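Colleague: I have a few minutes before the next meeting. Could you walk me through this one, starting wherever you like?

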Amino acid sequence: MFKILVIDRCYFTRSGMESWLNQNDLFPASFLVTALHNLMLAREHIVQWQPDLVIADLHGFKNEIHHSQQLASLFSACGEDTQVMLLESGEDAQLSEIYAQFRVKTTLLKTAPLDTLAQAIDALVLARPVRAIPHVATPLLTKQEEKVLTLWMEGRSNQTIAAKLSINGKTVYTYKRNIRMKLGMGNRFTPFLSLPESSN
């Protein structure tokens with residue numbers, strides 16, 4: 001069984017890829033698929049979970065990627081054992097230069113035919129040895145923690161997050177503490193260190 005991590009901003013792409021990759025009659029190997037929509041969480045997930053293949057649309061995160069060090073961190077987390085396939089929703093010369101820096105070999109547009117995509121995935125995962133792993137993967141963050149992190153990254157206050165998720169303000173504080181511990185954040189400002197400065 002091979003572990004695949006899908007990184008994409010689009011919910012429909014993430015859920016569609018999970019469903020498509022789990023069709024037993026389509027691929028010769030079986031997959032355990034996890035999908036994320038947050039680059040910082042994706043990097044930590046790669047470190048902890050060590051997927052065999054990462055399929056990412058980084059074009060959708062272009063507004064969050066302000067220098068190549070952010071991508072370097074993501075690609076270095078993959079190491080030599082994790083294959084990377086970029087399944088992009090657009091073309092961008094600046095991102096292409098960064099990909100070349102990190103020797104990303106497999107890049108396809110999302111408009112590529114499914115059989116082309118399936119062949120590329122087969123080639124990447126079958127080049128790796130099969131690992132015996134449990135059928136259930138424990139996510140790094142709970143669903144509620146992911147919701148809190150998303151709202152936190154948007155700059156929402158604890159009170160706003162509490163109201164939006166129908167929870168107590170102290171519970172938001174506890175979720176944030178747990179998120180910082182799980183993601184190895186040094187302090188409460190860590191998620192914002194790579195965000196763009198507002199032009200006010």
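Modeller: Let me start with Asp 92, which lies in the loop between strand S4 (83-88) and helix H4 (93-101); helices (H or I, at least four residues) and strands (E, at least two) are DSSP runs, numbered from the N terminus. This is a predicted model, in which local features need pLDDT of at least 70 and side-chain atom pairs count only at pLDDT 80 or more, while totals for chains, interfaces and linings use all residues. Residues are numbered from 1 along each chain as its sequence is written, and side-chain values use heavy atoms, with hydrogens and water left out.

Colleague: Is Asp 92 buried or exposed?

Modeller: Asp 92 counts as buried because its relative accessibility is 15%, where buried means under 20% relative accessible area, exposed over 50%, and partly exposed in between (1.4 Å probe, protein chains only).

Colleague: And what does Asp 92 touch?

Modeller: Not counting residues up to four places away in sequence, Asp 92 touches His 59 and Lys 62, a contact being heavy atoms within 4.5 Å.

Colleague: Let's zoom out. What is the order of the elements?

Modeller: From the N terminus on, they run β-α-β-α-β-α-β-α-β-α-α-α-α, which comes to eight helices and five strands. Of the 200 residues in the protein, 42% are buried, and among contacts between residues at least 6 apart in sequence, 73% join residues at least 24 apart.

Colleague: How are the strands arranged in the sheet?

Modeller: The five strands form an open sheet with parallel pairing, in the order S2-S1-S3-S4-S5, and two strands are taken to pair if DSSP finds at least two bridges between them. Strand S2 (31-36) and strand S5 (106-109) stand at the edges with a single partner strand each, so one side of each is left without a neighbour in the sheet. The twist from one strand to the next averages 20 degrees, with axes being lines fitted to C-alpha atoms (for helices over the stretch in contact) and angles running from 0 to 180 degrees between N-to-C directions.

Colleague: How many bridges do S4 and S5 have?

Modeller: S4 and S5 pair in the parallel sense over four bridges, and Met 85 has Thr 106 as its bridge partner in S5.

Colleague: Which residues have the most contacts inside the largest nonpolar core?

Modeller: Those are Ile 7, Ile 46, Leu 58 and Tyr 99, in a core of 37 residues; a nonpolar core is a set of buried Ala, Val, Leu, Ile, Met, Phe, Trp, Tyr and Cys residues joined through side-chain atoms within 4.5 Å. A second, separate core has 22 residues, including Ile 4, Met 17, Leu 21 and Val 33.

Colleague: What is Tyr 99 in contact with?

Modeller: Leaving aside neighbours within four places in sequence, the contacts of Tyr 99 include Leu 58, Leu 71, Phe 75, Leu 86 and Val 104, along with His 59 and Glu 88.

Colleague: Changing topic, which residue has a positive phi of about 50 degrees although it is not a glycine?

Modeller: That is Gln 50, found in the loop between helix H2 (39-49) and strand S3 (53-56) and partly exposed, with a relative accessible area of 47%. Ser 166, not a glycine either, has a positive phi of about 55 degrees; Ser 166 sits in the loop between helix H7 (158-165) and helix H8 (169-183), and is exposed at a relative accessible area of 67%.
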